[in-house]
Amino acid sequence: MKPPKLHYWILGCFSMALCCWCASDKFPHSNSHPHTWRKLYLAHHWPVTVCKMSANDCHDPPDYWTIHGLWPDKGEECNRTWHFNVTEIKDLMSDMRQYWPDVIHSSLNRTQFWKHEWEKHGTCAATLPILDSQKKYFSKTLELYQRVDLNCFLLKGGIKPSSTYYQMATIKEVLTKFYGITPKIQCLPPEEGEKAQTLGQIEFCFTKELVLRNCTEPNGESSRMHNYLQLVTGELSVCNDTLPVYYPSQVQGHK
């Protein structure tokens, strides 16, 4: 190897090492490399069921599906120094309060839910340029929520809150017909004296290009429950195909 070529080779190796060091410094607290995630979950939760799960007071929950979060399938708290700053999303506040409300703590001034979602999941999603700021992460999630339009398509398919029960096959058929993919549907299992599971959460999966894709649930996969919602009377899990489904219109038996 001639000296000039050796010089450039050494310089190139040094540059690559410097880039790797910078990247590792940006995500110093990740348990796994943030670029290993493959898909995003856009989670909608049914506020009435959230209230049923909560040990806190929960008054007049919205009667439409709201955003729970946008989560990479791997990685949490990828940068604990990148703190939530509500001023960065101040021009989104109207839509945030309507479509991404804190169902458990209904005060309009509460931002703890959004802080939790950003610091736990947003900092990992931010490895995508399209999601690499708080403004981008929250605004893009709102955009995806509007694109999916779950409330509209459930109603069009005849699935609405009711005192009668649905079969899981019916709900899945409606969602697959409209979206062309299979989402992940989660329920609260029946409590003592109940014969039906309660519909609680529907998650749509997206590729890194933000294209809808199937959500696959390996055997034994457990619910992605947040620490934020740990004060619960039960826990969501993938709905049982053989049990009837209750889609409640109001909170009943709330403790």
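The model is predicted, so local features need pLDDT of at least 70 and side-chain atom pairs count only at pLDDT 80 or more, while totals for chains, interfaces and linings use all residues. Residues are numbered from 1 along each chain as its sequence is written, and side-chain values use heavy atoms, with hydrogens and water left out.

Biologist: How many disulfides are there?

Modeller: A disulfide is a pair of cysteine sulfur atoms within 2.5 Å. Cys78 and Cys124 form one of them, with their sulfur atoms 2.0 Å apart. By this rule the count is 3 disulfides.

Biologist: Which parts of the chain does the pair Cys187 and Cys239 tie together?

Modeller: A disulfide joins Cys187 to Cys239, S to S 2.0 Å. Helices (H or I, at least four residues) and strands (E, at least two) are DSSP runs, numbered from the N terminus. Cys187 and Cys239 are 52 residues apart in sequence, so the pair ties together strand β4 (residues 184-188) and the loop between β7 (237-238) and β8 (244-246).

Biologist: Why is the disulfide of Cys205 and Cys215 right-handed?

Modeller: Cys205 and Cys215 are joined with S to S 2.0 Å. The disulfide is right-handed because the torsion about the S-S bond of Cys205 and Cys215 is about 115 degrees.

Biologist: Is Cys152 buried, partly exposed or exposed?

Modeller: Buried means under 20% relative accessible area, exposed over 50%, and partly exposed in between (1.4 Å probe, protein chains only). Cys205, at 0% relative accessibility, counts as buried. Cys152 has a relative accessible area of 27%, so Cys152 is partly exposed.
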